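Please give a brisk report on this structure for someone who has not seen it before.

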Amino acid sequence: MLEIENLHVNVAGKEILRGLDLSVKAGEVHAVMGPNGSGKSTLANVLAGRDGYEVTKGAVRYFGKDLLAMPPEVRAREGVFLAFQYPVEIAGVSNLYFLKAGVNAVRRHRGEPELDAMDFMKLARQRMKLVELEPKLAERPLNSGFSGGEKKRNEIFQMAMLEPRLAVLDETDSGLDIDALRSVASGVNALRSADRAMIVITHYQRLLDHIVPDRVHVLVGGAIVESGDKTLSGKLEDEGYARFGERAGAAPQ
Amino acid sequence: MTGDVATSVGRDPHAAADALLTETLKAAVRAGTEPDFVAALRAEARAVLETAGFPKPKDEAWRFTPLGSVLRVGYRPAKAASDGTAIALQQAAFSLPGASRVLLVNGIPHLVGGTCSGASVEVGTLADALSTSPASVAPYLGKIAPLGDGFAAQNAALFTDGLVIVAKAGAPEQTVHVVHASTQGSSDGPTLSTPRLLVIAERGSALRLIETDVGRGPLTHLENSVTEIAIGDSARVTHIRVGERARPAARVAQIAVRQGRGSRYESRVFALGGALERHYLRVLLDGDGAECSLDGLYLSGEGELVAHHTWVDHAVPGCTSRQRYKGILDGDGVAVFDGTVVVRRGAVRTAAHQENRNLLLSGNAVVHAKPHLEIDADDVKCSHGATVGRLDPNELFYLRSRGLELELARSLLTYSFAREVVRAVDDPVLERILEDRIAARLPDGLRAKELA
C-alpha cells in the first residue's frame, strides 16, 4: 500500500529525514517510535502534505501512485488520514457540517453516492458510539473548548467517518490520562481492518500496550535504525534510545 | 473604481479641484423662514466651507482616504423621486417583521406617516418638525454632530428635509427600519444627497433603528449623511446599519451619539464594500453608567476603500465602552480603522476596550489600523489591540486534510471570521441577509456558509 524509499526532507532548510525507508501493507499496524526530534512528526506531516516540508530526495508510493505530488485534500480523498498531534480549534466551523463535507468529498472521489443529512447523522451517531465521543461535542464548533482527550477522540471519530485506507496517528497518546488513552485506543482498535493500514507514531510504549502493532520501527536521526515485532517496543521502554548513540542526541527538534 | 469616477470626470471640461465646493456653496440653503437655530447652523456651516473647505490630503483624519476624485466632481443635489419611483423602491426593499418602515430617497422622506407612527415611537419628517414644533428638535439638531469638517458642513448647509424619530419616555422596544435609496435621472449629472437623521430616545425608552439600502444606487453619486442620536437616561438604542455594496460612488457618513446616565447604545455597522465609504462614529458618554458597544464588519475588495473612524469620549465617571471592528480585505482593497478613546479628567471607573482585527486575503490589500487611547484619569481599565493577518495555515491544512478543497477551506475560514460580528446583530432576518451577502462575496461562499 505504502512504499517510502530513501526519503529526505528539509524543514526550514534543515534536514530532518535522512533516508527513511518504510513499507506498509494493507491490514498492518506499524508503530514508529523514536526520541524527541528524531523526525516522527515530520514523517506524519509529509505523508499528509503539510506545507513547509521540502522533499529533497526519495519517493513515496501509495497504491503505486506518487503521493507527494498530490495536494492534501486529494490525499485525504484517496484515503490518507492524519490524526493530528495538536488538532486545531476553529470556533466558527461546525464539527459535523465540516465533516459531512469531507466525507462527501471522499465519497464523490470514490464514485460513491453522497450521504444526505439523515444518512450522515445516522452514520455519525453510530461512529460516535464506537469511539465513545459525546454526541454533544460533535455538534459544537470544531474542537472548540474541547479537553485534550476530547480533541483526540474527535480525531478518531473523524477517522471513523472518513474510513481511510491509511491512517497516520501522530502522538495520539500525548496529553492523555490513562482512561482517555484506553478509550481512544479502543476506538482505534475497532477501526482495524484487513484493508486498512495504520502508522502509529509515538514516543512511549504505553499506547502500544493498547494498540498492539504488527511491526515496530525505531526512528533516530531521521532514518529507521531498527525494525522488529511488537517485542521491540518493550525493549525500547526498558533500555531507552541511548544505545542508538550519537545520532539519537544529535538530531534537531 | 475610484479610477472610473476620475476618468469620467477627466472628460468634463468644467472639472476643477474645487468643483464640489463651488457647487455646494451655490446650492446652500438661504436663511428664510427657518427657525433661528437652523439659520445659525447654516451660517456656521457656510463659514466652515468658506474658510476650511473640504478635507485636505494632509488632514490627519483623511490621510488615508484620497478625496481628489470626489472633490473634483461638481455633484449637485439630487432631485426628489417621483411617487412611482418611491413606491417601486419601497416594494423592492425587504421588510422586517414588526418594524415600522420608512423610505428615504436621496435623503428625502417618502411615505412617512400613518402606518409608521406607533403610539410610543413617532417617525416624522424633519421639515414638519421644523415648521410645526421647532422647539422639540432645537436641543439636538446640530448640537450632537460637530461641524468638524467640510462634509459635516456640507450636510448642514444643504439638507432640506430628513427624519425625526422619537421614542417616547418609558416606551417599550420598537423597531424603525429606514430604507435608503439614491436615484439619478438620465439627464442629471453627478448627484449628491445629504440624508439627515435625528433620533431621540427619551428617558427609559428602547429603540431599534435599522438602516438598509435598496438598490445599488447611481454610478456617480455622493451620499453625505449625518445622523444625530440623543439617548436619555436609562434609555437603550440598538443601531444596525447594513450597507449594500455601493456602486462606484462615494459615501461619507457621520453618526454622532450623546448618551445620558445609565443608557446603552449598540452599534452594528456592516460596510460590504464601495469605491469610497467612510463612517465616522462619535459617542459621547455623558452620564454615569452609560455603556456603548460598537461592532463593525467591513469588506474591501478590488478598487474599494472602506474607512471607519471612531471617537469614544468618556466624559464622566463609570462608563463602559467596547469596540470590535473586523475587516476582510481582498484584491487591492484598502481599509482604515482609526479608533480613538478619550478618558477625560475625573472620568474614574472607566472601562474601555477596543479591538480591530483584519484579515488579508491578498498581498496587494492595505490596512491602516490606528488604535489610539488618551487617558487623563486614574482608576480606569482600558485596553486596545489591532491585528492584521492572513488565514491560519494550520487551520487551512486541517480542513484540507479532511478532504475540503483549498478554495472552500479559505472561504469557510473567512466566512467564520465574519460571522462573529454578524451574530452580534441578534436578529434572524438580518443575520440571514448578511450571511448571504458575505457568502456571495467569497469563492464557493454558498457552500462555505453551509459548513459554518
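What radius of gyration does chain B have, and what would a compact globule with 452 residues have? Chain B has 21 Å. A compact globule with 452 residues would have a value near 22 Å, so the two agree. Note that this is a predicted model.

**Chain B overall**

The C-alpha trace of chain B spans about 70 × 60 × 45 Å along its principal axes. Its secondary structure comes to twelve helices and 21 strands. Of the 452 residues in chain B, 55% count as buried. Now take the contacts in chain B with a separation of 6 or more: 83% of them come from residues 24 or more positions apart.

One residue gives a local view. Ala43(B) sits in helix α3 of chain B, residues 36-51. Is Ala43(B) buried, exposed or partly exposed? Ala43(B) has 14 other C-beta atoms within 10 Å, so it is partly exposed. A residue needs 20 or more to be buried, and 12 or fewer to be exposed. Gly262(B) is 219 residues from Ala43(B) along the chain, and their C-alpha atoms are separated by 35 Å.

**A sheet in chain A**

Chain A holds an open sheet of six strands. Their order is β6-β9-β10-β3-β11-β12, and the pairing is mixed. Strands β6 (80-83) and β12 (223-228) of chain A are the edges, each pairing on one side only. From one strand to the next, the twist averages 20°.

Inside this order, β3 (residues 29-33) and β11 (residues 215-220) of chain A pair in the parallel sense, over four bridges. Ala31(A) has Val216(A) of β11(A) as its bridge partner.

**Helices α6 and α7 of chain A**

Helix α6(A) lies across β6 and β9 (166-170) of chain A. The helix runs at about 170° to β6(A). α6 (residues 148-162) also meets α7 (residues 178-190) in chain A: their axes come within 10 Å and cross at roughly 5°. That angle makes α6(A) roughly parallel to α7(A), because angles under 35 degrees count as such.

On the α6(A) side, the contact is made by Gly149(A), Lys152(A), Arg153(A) and Ile156(A). On the α7(A) side, Ala180(A), Ser183(A), Val184(A), Gly187(A) and Val188(A) take part. By class, this contact has four nonpolar, three polar and two charged residues.

**Where the chains touch**

How many residues of chain A are in contact with chain B? There are 23 residues of chain A, and they are in contact with 21 residues of chain B. Elements of chain A that each supply at least two residues are α2 (72-77), β7 (90-94), α3 (95-109) and α6. Of these, α3(A) gives the most, with seven residues.

| Class | Residues of chain A |
|---|---|
| Nonpolar | 15 residues |
| Polar | four residues |

**A covered helix in chain B**

Why is helix α9 (residues 393-400) of chain B described as largely enclosed by the rest of the structure? Six of its eight residues are buried. They are Glu395(B), Leu396(B), Phe397(B), Tyr398(B), Leu399(B) and Arg400(B).

Terms used:
Residues are numbered from 1 along each chain as its sequence is written. Chains are lettered from A and ligands numbered from 1 in the order in which they are written. This is a predicted model: local features need pLDDT of at least 70, side-chain atom pairs count only at pLDDT 80 or more; totals for chains, interfaces and linings use all residues. Axes are lines fitted to C-alpha atoms, for helices over the stretch in contact, and angles run from 0 to 180 degrees between N-to-C directions. Angles under 35 degrees count as roughly parallel, over 145 as roughly antiparallel, 65 to 115 as roughly perpendicular and the rest as oblique. Two residues are in contact if their C-beta atoms, placed from the backbone, lie within 7 Å. Ala, Val, Leu, Ile, Met, Phe, Trp, Tyr, Cys and Pro count as nonpolar, Asp, Glu, Lys and Arg as charged, and the others, Gly among them, as polar. The radius of gyration is taken over C-alpha atoms; the globule rule is 2.2 Å times the number of residues to the power 0.38. Two strands pair if DSSP finds at least two bridges between them.
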